[in-house]
Amino acid sequence: MDYTKQLEQAIDRLHEEGRYRTFIDIERRNGQFPHAEWTQPDGVKKDITVWCGNDYLGMGQNPVVLNAMHEALEQTGAGSGGTRNISGTTVYHKRLEAEIADLHHKEAALLFTSAYIANDATLSTLPKLFPGLIIYSDALNHASMIEGVRRNGGAKRIFRHNDVDHLRELIAADDPAAPKLIAFESIYSMDGDFGPIEAICDLADEVGALTYIDEVHAVGMYGPRGGGVAERDNLMHRLDIINGTLAKAYGVMGGYIAASEKMCDAIRSYAPGFIFTTSLPPAVAAGAAASVAFLKTAPELREQHQQQAKILKLRLKGLGLPIIDHGSHIVPVIVGNPVHTKILSDMLLEQHGIYVQPINFPTVPRGTERLRFTPSPVHGPREMDGLVHAMDGLWSHCALNRAELAG
């Protein structure tokens with residue numbers, strides 16, 4: 001086999017479909033988020049505004065976070081020195097887990113290097129702990145959840161997105177005595193819609209199933225202390241395992257689960273994705289702990305975040321743009337064609353200094369390609385005006401007319 005040719009053909013297919021992903025070199029400016037500097041292919045630097053970042057609240061530049069990281073770096077050096085089992089557990093890791101457990105009102109929490117790994121490792125390990133386990137997974141769950149369910153070797157059922165009636169039908173068709181777990185999300189990041197948490201908890205109680213919720217796009221941003229949508233809706237106590245991230249609203253890095261002491265202990269003891277991975281650097285853990293603690297007492301940031309999302313949606317709707325609005329902070333503008341989406345993204349960047357990455361298949365279904373904007377408290381009136389005016393001009397007057405862009 002000509003391996004190089006096979007690789008070329010695989011990459012060419014992505015180019016032909018308009019799905020080839022390009023990375024741009026940006027340097028975020030501490031104290032000036034969401035502004036950054038883009039190094040163009042010719043080496044020339046250009047000022048840009050980032051409109052697709054996941055540092056939803058600007059915590060990556062918060063002095064409380066940075067000071068904690070500086071202090072830990074000076075105290076401990078760069079890396080952790082090993083896995084959690086072999087010299088890689090420090091006071092900073094334990095402090096962070098305690099903050100997370102307190103955030104979700106759970107007995108314990110377990111820290112991973114990312115929320116992807118937390119989902120994958122946990123969901124792939126659970127059948128080892130509960131032989132015969134059947135996992136019921138929402139059709140639009142994140143790739144990390146899909147991968148964990150796929151790899152676990154146990155039985156799985158996929159229910160239609162947010163369709164509790166279909167979920168009930170699938171459960172009714174299985175052995176009532178079999179152990180069961182329902183895996184779903186609180187906010188689905190591409191459309192910004194909410195999962196039916198209470199209805200799923202009610203069904204889980206009825207059939208004796210465990211519940212597993214991914215709150216990655218909600219922790220820090222919803223609830224009185226940032227515990228997520230489940231905290232906002234007073235449902236955290238009904239969820240057995242809560243997955244979250246430290247890389248979005250908390251502005252640092254890492255992922256976790258929060259659950260009972262025994263559940264966390266069992267995952268810690270059996271999950272290869274935890275056992276054999278070097279732990280987060282202590283400075284990162286220290287910054288994350290400071291961020292979680294700070295946001296427990298900063299509801300005003302959450303209010304500003306929601307207000308910015310409402311304003312942007314209102315203004316884009318006023319232009320007649322096809323946005324999806326489920327009431328969350330996610331602002332998707334549907335383009336419906338991967339080539340057109342990339343053209344719009346390129347023109348926003350090159351002509352207006354606005355960076356928003358195209359979202360294409362397989363992240364979203366074909367025909368629903370989009371630009372996904374993430375407004376934040378650090379996007380001020382000037383940045384908002386610049387984005388709205390740029391979208392108005394490009395959508396109305398560029399070579400692709402409005403009808404073409406819509407699909």
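Q: What is the order of strands in the open sheet of four strands?
A: This is a predicted model, to begin with. The order in that sheet is E1-E2-E3-E14, and the pairing is mixed.

Q: Which ones are the edge strands?
A: Strand E1 (25–28) and strand E14 (354–355). Each pairs on one side only.

Q: How do strands in a sheet pair, in general?
A: Through backbone hydrogen bonds, either parallel or antiparallel.

Q: And E1 with E2, parallel or antiparallel?
A: E1 and strand E2 (residues 35–39) run antiparallel. Four bridges join them.

Q: Which residue in E2 is the bridge partner of Ile 26?
A: Trp 38 is the partner.

Q: New topic. How many salt bridges does the structure hold?
A: It holds 26.

Q: Which residue does Lys 296 meet in a salt bridge?
A: Glu 99. The N to O distance between their side chains is 2.6 Å.

Q: Is Lys 296 buried or exposed?
A: Lys 296 is buried, because its relative accessibility is 11% and the cut-off for buried is under 20%. Glu 99 is partly exposed, at 21%.

Q: What about Asp 174, which partner does it meet in a salt bridge?
A: Arg 157, at 2.9 Å from N to O. Asp 174 lies in the loop between helix H6 (164–172) and strand E7 (180–185), and Arg 157 in strand E6 (residues 155–159). The two are 17 residues apart. Asp 174 counts as buried at 13% relative accessibility, while Arg 157 is partly exposed at 26%.

Q: Where is Ala 283 found?
A: In helix H11 (residues 282–295). Ala 283 is buried, with a relative accessible area of 8%.

Q: How many residues apart are Ala 283 and Gln 75 in sequence?
A: They are 208 residues apart. In space, their C-alpha atoms are 9.0 Å apart.

Q: Last one, the surface. Which residues gather in a patch of negative charge?
A: Asp 2, Glu 8, Asp 12 and Glu 16. Glu 16 is part of helix H1 (residues 3–16).

Q: Why does Glu 16 count as exposed?
A: Because its relative accessibility is 66%, and exposed means over 50%.

Definitions and conventions:
Residues numbered from 1 in each chain as written. Predicted model: local features only at pLDDT ≥ 70, side-chain atom pairs only at ≥ 80, totals over all residues. Heavy atoms only, no water. Patch = residues over 30% accessible without salt bridge, like charges linked within 9 Å, V, L, I, M, F, W, Y side chains within 5 Å. Areas by Shrake-Rupley, 256 points an atom, 1.4 Å probe, with all protein chains shown as cover. Salt bridge = Lys/Arg side-chain N within 4 Å of Asp/Glu carboxyl O. Lys, Arg positive; Asp, Glu negative; His and termini not counted. Charge placed at Lys NZ, Arg CZ, Asp CG, Glu CD. Buried < 20%, exposed > 50% of the residue type's maximum accessible area, 1.4 Å probe, protein only. Pairing = 2+ DSSP bridges.
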